[in-house]
Amino acid sequence: MADRRLLALAAAALLSALAFLLIGLKGNIAFVLELRLLKLAALMQVGVAIAISTVIFQTVTGNRILTPSVMGLDALYLFGQMLMVFLLGGVGYVSLDPQVKFAVEVMVLMVLASGLLLPMLKRRLDMGLMLLAGVVFGVLFRSLYSLLARLIDPNDFAVAQTASFANFNAVRTDLLAFAAVVTVLAAVLAWRARHVLDVVSLGPEAATGLGVNWAASVTGLLLLVSALVAVSTALVGPVAFFGLLVAALAERLVVTRRHARLLPAAALTGITVLVGGQTLFQHGFGSATALGVVIEFFGGLVFLLLLVLGSRS
Amino acid sequence: MIRIENVSFRHRTVPILSDITLTIDKGGVVALVGPNGAGKSTLLSLVARLQPLQMGNIQIDGLPVDATPGRQLARVVAILRQDTTVASRLTVRELVSFGRFPHGRGRLSAADHAIVDAALARFDLADLAGRFIETLSGGQRQRALVAMAFAQGTDYLLLDEPLNNLDMYYARELMRALRAAADENGKTVVIVLHDINQASAHADRIVAMKGGRILADGAPCDILTPDMLEVVFGLRAPVETIGGKPFVLHQL
Ligand SMILES: Nc1ncnc2c1ncn2[C@@H]1O[C@H](COP(=O)(O)OP(=O)(O)OP(=O)(O)O)[C@@H](O)[C@H]1O
Ligand SMILES: [Mg+2]
């Protein structure tokens, strides 16, 4: 059954991609198509990156309510970016090659995130504590970000990414190629780790008993999550609840927590929601910029629902 | 052989285990008994390297548990913990097949499937194989966890209160299955029990712990005496011998 549903999901993802490319195609078709292809590639990447990073993060923390963004990872990314502007100055920052800049930002996030989160993941903390820590981290990084933003020259500030929530309509296509490499690499690594992820979901003790090196595995997985968060945040800006929405949907669609099914299901759900949603908003409901808000709204509802239902691990 | 030498363990400054030395030969069923808080679970988790050793050393078949790669050790020793929680949306069969993880890193061969099927059958789980763990009763879940430990196919099996939640029938079935595994397949089973009569009926040897120390160690007839019970559990109860085995009438 799970396999058939996975196929259906793949079909849905494909359909939304086709609809995104072809609906309302007119004028200079080659030019429009190329533009749309670039945007499609970006949206697909973001969908996949957020979906996979959320599933992995939930598995590692043993918690279906936490996502990298609930833990403030995207705020941390923006902080890292602002830190670079602060250290290099606006001119220095702008004169850097965007690919290099992005690579450095990814690495900064990986280092900061693992430094902060690893001590917490040595042992699994209960959900309340993790949520609290997430809220505190989120506020902390956002405050540090605004502090730095105030310290730097206003002109410098303009070069840093200033979006405070995701805009799926204005994706950074200049980073696309490099981001694609990171996303594909991370997706392949996640797929190869699917069995380890199954065992990790049993918790540190059971996983150790089955021969998994908990500290090493969790470190690796967390680095993977950081890289994916960096990709999606760089491309569209921070998203709060999209990952939660996608992971919860995917798990209910394929009705399993086995990662061989869950990872592809989440990735396909991510693509369908993002690309399908963007198509709908572009051609159906007028405003192309509203998708982010709507997704966050429903994701937020799911978050509240899961919280109320007390969904433990 | 499991060799535990001068092992001490503390939580911050509170001593939990004090200078434990114990050798468990290969093959047989050893019961670990003692009052709540005696340190039984702590000792077992140290043997299974679930917690880092602080002092002393532990070897299983000559492999030091703190220096042997986890994967290698997972093919030698399996542990069932006292309080295992399982993530939801996993079926019984999936859970039991996780026991084969140390052997194929998640890829199940035909032989692995056969072992999983055998473990399911052995614990009467064949009918429940497709059910999600969270829909099982406490005893059914416990059986699934035991089956997973069995499926790991290791020579050494550490079970922390596996009889929790099991009814009379399945408690006896499990003890018999462990006995058979020891007698027929030469497995070494170390099992924490609160039902001392189960220990008497099925174990070769009983190790009694209290306050982080080993108080007594011997055959069931040496341990199940009114005096020893008073020392270990602080309770006086009559002991009767039935079929050559001592049984404690602690309900009276
Ligand atoms: N995380 C911890 N922090 C502080 N003390 C602990 C911790 N874990 C266990 N202890 C203490 O260590 C002692 C031994 O605990 P352990 O779980 O090994 O006992 P046990 O013999 O298995 O008991 P039970 O029969 O209740 O399972 C207890 O006094 C317990 O309070
Ligand atoms: Mg215990």
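Me: Axes here are lines fitted to C-alpha atoms, and angles run from 0 to 180 degrees between N-to-C directions. On that basis, which strands does helix α7 of chain B lie across, and at what angle to β3(B)?

Reply: This is a predicted model. In it, helix α7 (residues 168–185) of chain B lies across β3, β7 and β8 (188–192) of that chain. The direction of α7(B) makes about 135 degrees with that of β3(B).

Me: What is the strand order of the sheet in chain B?

Reply: The order is β6-β7-β8-β3-β9-β10, an open sheet of six strands with mixed pairing. Its edges are β6 (77–80) and β10 (213–218) of chain B, each of which pairs on one side only. From one strand to the next, the twist averages 15 degrees.

Me: And β3 with β9 in chain B: parallel or antiparallel?

Reply: Parallel, over four bridges, between β3 (residues 28–33) and β9 (residues 205–210) of chain B. Within that pair, B:L32 is opposite B:V207 of β9(B).

Me: Which strands does helix α6 of chain B touch?

Reply: Helix α6 (residues 138–151) of chain B packs on the sheet and touches β6 and β7 (156–160) of chain B. Its direction makes about 170 degrees with that of β6(B).

Me: How far does α6(B) reach from its first C-alpha to its last?

Reply: The 14 residues of α6(B) reach 20 Å, close to the 20 Å expected at 1.5 Å a residue. Just after α6(B), B:G153 takes a positive phi of about 65 degrees.

Me: How many residues of α6(B) are buried? What do they pack against?

Reply: Eleven of the 14 residues are buried, leaving α6(B) mostly covered. Among them are B:R143, B:L145, B:M148 and B:F150. The buried residues pack against β6, α3 (92–98), α5 (110–122), β7 and α7 of chain B.

Me: Changing topic to chain A: at what angle do α7(A) and α10(A) pack?

Reply: Helix α7 (residues 176–192) and helix α10 (residues 214–236) of chain A pack at about 150 degrees, their axes being 10 Å apart. Angles over 145 degrees count as roughly antiparallel, so α7(A) is roughly antiparallel to α10(A).

Me: Is that crossing of α7(A) and α10(A) left-handed or right-handed? And which residues of α7(A) and α10(A) meet?

Reply: The crossing of α7(A) and α10(A) is left-handed. From α7(A), the residues that take part are A:L176, A:A179, A:V182, A:T183, A:A186, A:L189 and A:A190. They meet A:L224, A:A227, A:L228, A:V231 and A:L235 in α10(A).

Conventions. Residues numbered from 1 in each chain as written. Chains lettered and ligands numbered in written order. Predicted model: local features only at pLDDT ≥ 70, side-chain atom pairs only at ≥ 80, totals over all residues. Heavy atoms only, no water. Pairing = 2+ DSSP bridges. Helix = DSSP H or I, 4+ residues; strand = E, 2+ residues; numbered from the N terminus. Contact = heavy atoms within 4.5 Å. Expected span 1.5 Å × (residues − 1). Buried < 20%, exposed > 50% of the residue type's maximum accessible area, 1.4 Å probe, protein only. Parallel < 35°, antiparallel > 145°, perpendicular 65-115°, else oblique. Left-handed = near helix turned anticlockwise from the far one by under 90°.
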